[in-house]
Amino acid sequence: MSSKPISDTTLPNSTHGAVDVILDTAYQGISPKNWASLFDLARKSQLPEFIANLFAGEHVNQSEDRPALHSALRNLSKTPVILDGKDVMPAVTDVWKRMEALCNKWVGVTDVIHIGIGGSDFGPRLAIEALAHVPKLESRGMRMHFLANIDTAELARILDKAQPNSTRVVIVSKSFTTLETTMNAKAVVAWLKAHGCTKGQISKALFAVTVNIPATKEFGVEEDHIFPFWDWVGGRYSVWSAVGLPIALQYGFKTFEEFLAGAHAMDLHFKSAPLEENLSVIMALALLYQQQKRDVKAYAAIPYADALDWFPRWLQQLDMESNGKSIGMDGNPVKYSSPVVFGSAGSNAQHSYFQLFHQGPEVIPIDFIAVRKPMSDRPEAIAHHRILLSNCLAQAQALAHGKSDSNPNNVYPGKRPSNLLLLPELNAFYLGALLVLYENRAATLGALWNINSFDQPGVEYGKVLAKPIEAALSSGSSDIVANENIDAVTATRINLLNS
Ligand code: F6P
């Protein structure tokens, strides 16, 4: 069993930087010759053309015949972004102004209940958590509650804490048809009523972020409380729109602008850097290489920052909803698509599943994400942070080198690839940059795999099947028999639940 460091065969210069974020690929074990082939492959796959088309508003979302122009939402330079002959930036800027005005207006609000799920939840939830302990970042100190699950345990937990008379409710749904969100919104309105809030008070408390304005108005949200976004923004790419309102409300509009600024800076890098220096492209190619050489089926992102514990969950939707597909843009089966993505904050993660990383039979590439500056101003921060960073570096080294031993049980095979991403500090700017680095990596992988990264047809079927099942459950009958919508196994389960 070899314990030769895989870094011996890597690029002499394995570090790359953009927007002060450093990517080190030394432990990928990819030789200069192989890197050159990977960049050739990217060119042959017309990646530069894809990147240009993405930013130019071409209909890269082929199945839904629309662009994926989420980059316009963070285009702080306000340079025109033309869609169907019209600049979208005035509408984007108008929403920014309304968000800022709302931030300045809200006084005496104790609780905000943000109701939304999937892409209408992960981004703002991650940002609120990630920035909660940033030293010197001002917070309005409202209790920011995220209500996503239809399970009433989450609803009960929130409503136990919120003060009805000083609560504001933000319903976030691109489609405004998502059952979890509309049912939770109805439950919160019922709670306000039950606590004596008048019709006028309720409409003052209700806000919404959506593409579907008519359904939102019908629900009872006043027009000037609706923050629009557009069908050219996919749900999982929407935190940059008014979906990110909690960030502005809690930490001020300036912080939200910094979040957009980091995101925009990373977009400019992706759009203009040569492939060989382009961070999202390098990360995508490294994964592709590991898929080809090591038959990779899973991939982990481990932020050595407790505040980024939500990051892997955000990334799961981004990567797996974007690229978890078997059919390519040409209608034929694809050879590669998204591996399973998982992760959680280090060093905790080390005490959970790292055993398998080191000695399991599978090769699981890892992104180690570290932050240079300590993430609190506690007196212990510097000493603790040093240990956090040592752990991060040690794990990557151990995984790469492995270790021989006469006892097979103590052998570490090594040659386990990883990236190191280093952020200068954790603040709104670098959080924005980090998320866009991964958004553009997902788009790059889609282009390399020939997958449309911007639709999600696979999430619909289960939703359709849930309707007849719900009807059968609500019938209370324990004599349900299999039919065209319910198979024999499910019928038995329904009968079990109804008995
Ligand atoms: O079910 C998946 C999904 O459609 C995601 O793509 C989306 O982020 C989520 O549901 C929520 O959708 P909406 O914002 O329309 O409520």
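These legends go with several close-up views of a predicted model.

In this predicted model, local features need pLDDT of at least 70 and side-chain atom pairs count only at pLDDT 80 or more, while totals for chains, interfaces and linings use all residues. Residues are numbered from 1 along each chain as its sequence is written, and side-chain values use heavy atoms, with hydrogens and water left out.

**View 1. How the chain splits into domains.** Domain 1 takes in 6-60 + 262-455, domain 2 covers 70-251, and domain 3 is 458-498; these bounds come from an automatic or database domain assignment. Between the C-alpha centres of domain 1 and domain 2 there are 30 Å.

**View 2. Where domain 1 meets domain 2.** Here 33 residues of domain 1 are in contact with 25 residues of domain 2, contact being heavy atoms within 4.5 Å. The two domains bury about 2,400 Å² between them, with 63% of it on carbon and sulfur atoms. Buried area is the accessible area (1.4 Å probe) that two parts lose on being put together, summed over both. Look for His264, Trp310 and Glu439: they supply 26% of what domain 1 buries against domain 2, more than any other three residues.

View 3. Arg74 and Asp267 form a salt bridge, with their closest N and O atoms 2.6 Å apart. On the side of domain 1 that touches domain 2, α10 (253-272), α12 (311-323) and α15 (428-449) each supply at least two residues. Helices are DSSP runs (H or I, at least four residues), numbered from the N terminus. By class, that side of domain 1 has 16 nonpolar, 10 polar and seven charged residues. Nonpolar means Ala, Val, Leu, Ile, Met, Phe, Trp, Tyr, Cys and Pro; charged means Asp, Glu, Lys and Arg; the others, Gly among them, are polar.

View 4. Gln395 sits in helix α14 (residues 381-401). Its relative accessible area is 14%, so Gln395 is buried (under 20%; exposed is over 50% and partly exposed in between, 1.4 Å probe, protein chains only). Setting aside neighbours within four places in sequence, Gln395 is in contact with Tyr304, Gln350, Phe354, His358 and Phe368.

**View 5. A look at Asp40.** Asp40 belongs to helix α1 (residues 32-44). With a relative accessible area of 40%, Asp40 is partly exposed. Asp40 and Lys415 are 375 residues apart in sequence and 25 Å apart in space, C-alpha to C-alpha.

Notes: Salt bridge = Lys/Arg side-chain N within 4 Å of Asp/Glu carboxyl O.
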